[in-house]
Amino acid sequence: MKLKVESEHSSTQALYAEFRRPLLSFFLRRVKDAGEAEDLTQEVFSRLLPKHPQDGIADARGYVFRIAVNLLRDRARRKGVRNAALLSDVHPGRVASLVAELVEDRHPERVLLAKDEVGRVVRALGALPERTRDMYLLFRLESMKQRDIAHLYGLSRSTVEKEVTRATLHLALWLERGGR
């Protein structure tokens with residue numbers, strides 16, 4: 001039994017060594033507070049510990065960053081609820097009119113067109129090799145630095161730059177062809 005505990009401990013240490021810096025960088029770009037970024041990074045590992053990473057997680061990188069994204073969503077939800085409560089305390093009668101002014105108009109037709117466009121872009125990205133697509137998404141959507149992506153994949157920064165350029169060129173040509 002002791003051997004399994006040591007194995008779980010070393011596996012968690014390996015994940016911590018591999019993902020701590022990229023996670024911290026990921027959170028810092030989003031929360032702009034080093035203390036909160038550190039807390040969120042620690043929370044990822046505290047959620048990961050009970051899962052026993054060596055027991056069936058095929059894509060540890062994807063799993064770790066999925067936890068990170070979910071933490072940010074939870075944080076945004078909590079913050080939104082807290083801010084709405086504060087706003088209603090200050091301006092009890094004006095909350096509905098303020099929200100109406102701040103929220104973008106979302107007609108059903110516009111929503112359907114946007115969903116269709118996003119679906120086409122996702123299909124275009126799906127034509128790329130998985131590694132290229134993942135690097136592009138980390139760089140463009142997650143605003144991760146190329147050096148951090150390179151460290152995460154164990155590649156040179158130049159390789160990451162080439163993969164991101166390849167994906168960008170693919171999407172540019174796809175758009176030029178009218179999304180086909």
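Predicted model: local features only at pLDDT ≥ 70, side-chain atom pairs only at ≥ 80, totals over all residues.
1. Start with helices H6 and H8. H6 spans residues 130-140 and H8 spans residues 157-176. Their axes lie 9 Å apart and pack at an angle of about 90°. That makes H6 roughly perpendicular to H8.

2. Now look at the residues in that contact. H6 brings Arg131, Thr132, Met135, Tyr136, Phe139 and Arg140. Among the residues they meet in H8 are Val160, Glu163, Val164 and Leu171. By class, the contact has seven nonpolar, three polar and four charged residues.

3. Next, the charged pairs. Side chains of opposite charge can pair when their charged atoms come close. The structure holds 11 salt bridges.

4. Arginine 30 pairs with glutamate 142, with the closest N and O atoms 2.9 Å apart. Arginine 30 lies in helix H1 and glutamate 142 in the loop between H6 and helix H7, so the pair ties together parts that are 112 residues apart in sequence. Arginine 30 is partly exposed, at 26% relative accessible area. Glutamate 142 is partly exposed too, at 22%.

5. Glutamate 36 forms a salt bridge with arginine 75, and here the closest N and O atoms are 2.4 Å apart. Glutamate 36 sits in helix H2 and arginine 75 in helix H3, so parts 39 residues apart in sequence are tied together. Glutamate 36 is partly exposed, at 27%. Arginine 75 is buried, at 15%.

6. Aspartate 148 bridges to arginine 147, the closest N and O atoms being 3.3 Å apart. Aspartate 148 is buried, at 6%, whereas arginine 147 is partly exposed, at 44%.

7. Finally, a network of salt bridges links Glu43, Arg47 and Asp74.

Note on methods: Residues numbered from 1 in each chain as written. Heavy atoms only, no water. Axes fitted to C-alpha atoms, helices over the stretch in contact; angles between N-to-C directions. Helix = DSSP H or I, 4+ residues; strand = E, 2+ residues; numbered from the N terminus. Parallel < 35°, antiparallel > 145°, perpendicular 65-115°, else oblique. Contact = heavy atoms within 4.5 Å. Nonpolar A, V, L, I, M, F, W, Y, C, P; charged D, E, K, R; others polar. Salt bridge = Lys/Arg side-chain N within 4 Å of Asp/Glu carboxyl O. Buried < 20%, exposed > 50% of the residue type's maximum accessible area, 1.4 Å probe, protein only.
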